[in-house]
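Please read the points below with the model open beside them.

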Amino acid sequence: MASTLARWTQVLVDSAYAPLSRKQVRANLARRLDVLTGPDALAGADEVGEWLVGARFTGPDSLRGTVEVLGGALPALTGAPPEHVAKVLGAVAAGYANAVRRQIFAEQEGVRTSLLLSLEQAQQALHDSEARFRQVFASSAVGIAIFDRDGAVVEVNPALVRMLRHDPDTADEAVGASGADAEGVFAPGDLAALRAAWAAADEVRFEQQFAGPGGDPMWTNVALSMVHDADGCPKYRVAVIEDVTEQRVLREYLRHQALHDVLTGLPNRQSFLPKLEEALSKPGSITLCYLDVDSVAIVNDGIGYEAGDELLKVVAGRLSAVVAGERATVARIGGDEFVVLIEDSLDTPSISALAAAIDEALAEPVHLSGHGVAVSAGMGFVRTSARGVDAMALLRQAHSTLRRAESGGKGQWGIYDAGEDARDRKRLSLLATMPGALEFGEIAIDYRPVMRPSGERLAYAARLRWDEAEFGVVGHEECLEFADELGLSGHLGTWLLDEACAFAAVEEVPVVVRLSADQSRDPDLAAAVRTALHHSSLAPQRLWLSLHARAAAGGLEAVEDNLTTLADMGVRRLLHGFTCGLAELALVERHVLHGVELAEPPDEPLAREALARVVPLLRATGALVLSDQPGADAAVRP
């Protein structure tokens, strides 16, 4: 922040003179920077622009330098996305522009007052008032035009000639004009606009576009007023005109930046949603495609972020080209995510044809830094003619369709299916609310007896149960899967271990604790087990820790390390989700496991016969077989 203050202070001191010391400037800027990096940055940003004007930092480079310094520093200082930074800078510029505008209007009011005063005193001191008026008229930085009461141009000052008609190369030599020459300074349409404004009111202020030198558009602030004679009758009309083209261009630029992606120039999320809402309000159907470009992260890490940025630009161009013949909008709404909105016509291709066209357009290799990069994209399509559909809901449907398509691999596409979406929404809703449920104690632990066929109880099995208000009971395995997906397996598993060990210590019985796949290969598992045993004073052999057999496929070395360490601690070790695969069987024998919990076998006779033949082999290693299947040593009972 200190370097940002130093650069900002230097920019302002170099750009304009203000009656403040460098130390005072820096202190004032520090307070403004606190506002811009705080939670209410958008609410207070316009005050920063107003302060710049109030402190007289209105040099040619004051605002530009401020935008450059803050534009480079705010993302790093706040961590905010580019859209937020653009809005903050827009608010700073808006505050600056509004303050300048008020200052200009104040100057214009001063000019008007001077003109009125000059005209009122003309009869008493004609020479002095004429001299004062001429000084103001000729030296003013704003354009002034005097009209008679019928609207004919009487005279214009040099500033107005420079603004509207003078060659910029000889602008310093510009002089005023009167009579027919003065009227010729204005384009006919501009003159008609001024006269029309006077027809509505004698005193009015507004923003008006004029034709500048060479016919270029020029935006101005205009103040129109009426000058009366000594008897109070209208005598002259005065137009005070200030060129605000640069301020307007800057305002439009910042507005464009706030509504468009800086990298590709495409509309961003903020500007796309209103377009989608507008399309949904019209008759006919629309097609919405949500795309996720593959390989961007690989290109960023392998070739460089510049290459990744270039890849996104190429993708933006190719997507726009594919739908060039349609009433379509292409937008970038995330890092490597794009959306394509098509207002369907009779010639709009089918979804499969559209997906094929996009695939074909993206398939051509992109040459980046001397490398040919292949590009593909996952796509989710929604085509609907429904009216009154919420735009955000439709965008969510397309996104969820994309995620389902991506589950089948890269470069896949899918069409929205309401049934699949409802099932996904249930699962995603549970995922979204599980952290809160865990935090507020909504997930409980049931202890179920592990019984031999003879009725002898061997142990208790700790099973998670989440009574979710909307979707009902979520069982142990689902809770473990959700925790792995959310990255909560460490927190959930540690809590489960602590509670189960405390229960086993009080009841003086063994307890079976099933772990998730992620926790089964967690290198910190032994530390969590050791802590739970220590806090509960439970004998290690009474903790039957069941690791997930699926974890061995994703990290066999880590699972083997955990099994070895747990054996050294004296903990009984099991595998659950056991499918009798060769690698699993080898693991049982290699580590002399205490038991296995069989996965539910398929219904086909061959699978069940194979299971029946494997069970004796497992017993031969000394392992307990826990299952509801015939021939098992024990089973977990409700």
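1. Axes here are lines fitted to C-alpha atoms, for helices over the stretch in contact, and angles run from 0 to 180 degrees between N-to-C directions. Helices (H or I, at least four residues) and strands (E, at least two) are DSSP runs, numbered from the N terminus. This is a predicted model, in which local features need pLDDT of at least 70 and side-chain atom pairs count only at pLDDT 80 or more, while totals for chains, interfaces and linings use all residues. Residues are numbered from 1 along each chain as its sequence is written, and side-chain values use heavy atoms, with hydrogens and water left out.

2. Helix H13 (residues 305–322) and helix H14 (residues 351–363) have axes that come within 10 Å and cross at roughly 140 degrees. That makes H13 oblique to H14; angles under 35 degrees count as roughly parallel, over 145 as roughly antiparallel, 65 to 115 as roughly perpendicular and the rest as oblique. The crossing of H13 past H14 is right-handed, a crossing being right-handed if the near helix is turned clockwise from the far one by less than a right angle, and left-handed if anticlockwise.

3. On the H13 side, the residues that meet H14 are Val315, Arg318, Leu319 and Val322; on the H14 side they are Leu354, Ala357, Ile358, Ala361 and Leu362. Contact means heavy atoms within 4.5 Å. Sorted by class, this contact has 8 nonpolar, no polar and 1 charged residues. Ala, Val, Leu, Ile, Met, Phe, Trp, Tyr, Cys and Pro count as nonpolar, Asp, Glu, Lys and Arg as charged, and the others, Gly among them, as polar.

4. Helix H16 (residues 418–439) and helix H17 (residues 476–486) also have axes that come within 10 Å, crossing at roughly 75 degrees. H16 is therefore roughly perpendicular to H17. Arg427, Leu430, Leu431, Met434 and Pro435 of H16 meet Cys479, Phe482, Ala483, Glu485 and Leu486 of H17. The classes in this contact are 8 nonpolar, no polar and 2 charged residues.

5. H17 also packs against H18: their axes come within 8 Å and cross at roughly 140 degrees. That makes H17 oblique to H18. His476, Cys479, Ala483 and Asp484 in H17 meet Ser489, Leu492 and Leu496 in H18. The residues of this contact divide into 4 nonpolar, 2 polar and 1 charged. Cys479 and Ala483 of H17 are among the residues that meet H16, and Cys479 and Ala483 are also among those that meet H18.

6. Which residues have the most contacts inside the largest nonpolar core? They are Trp466, Val513, Val529, Leu543, Leu545 and Leu598, in a core of 58 residues. A second, separate core of 33 residues includes Leu36, Ala45, Val88 and Ala99. A nonpolar core is a set of buried Ala, Val, Leu, Ile, Met, Phe, Trp, Tyr and Cys residues joined through side-chain atoms within 4.5 Å. Buried means under 20% relative accessible area, exposed over 50%, and partly exposed in between (1.4 Å probe, protein chains only).

7. Beyond its neighbours within four places in sequence, Leu598 is in contact with Phe578, Cys580, Leu611, Val615, Leu618, Val625, Leu626 and Ser627. Val625 lies in strand S21 (residues 624–626) and is buried, with a relative accessible area of 0%. The C-alpha atoms of Val625 and Val615 are separated by 7.3 Å, the two residues being 10 apart along the chain.

8. Two residues other than glycine deserve a check of the backbone. Glu508 has a phi near 55 degrees, a positive value, and is found in the loop between helix H18 (489–507) and strand S17 (511–514). Cys580 has a positive phi of about 65 degrees and sits in the loop between strand S19 (572–578) and helix H22 (582–591). Glu508 counts as exposed, at 56% relative accessibility, whereas Cys580 is buried at 16%.

9. Not counting residues up to four places away in sequence, Glu560 touches Leu587, Arg590 and His591.
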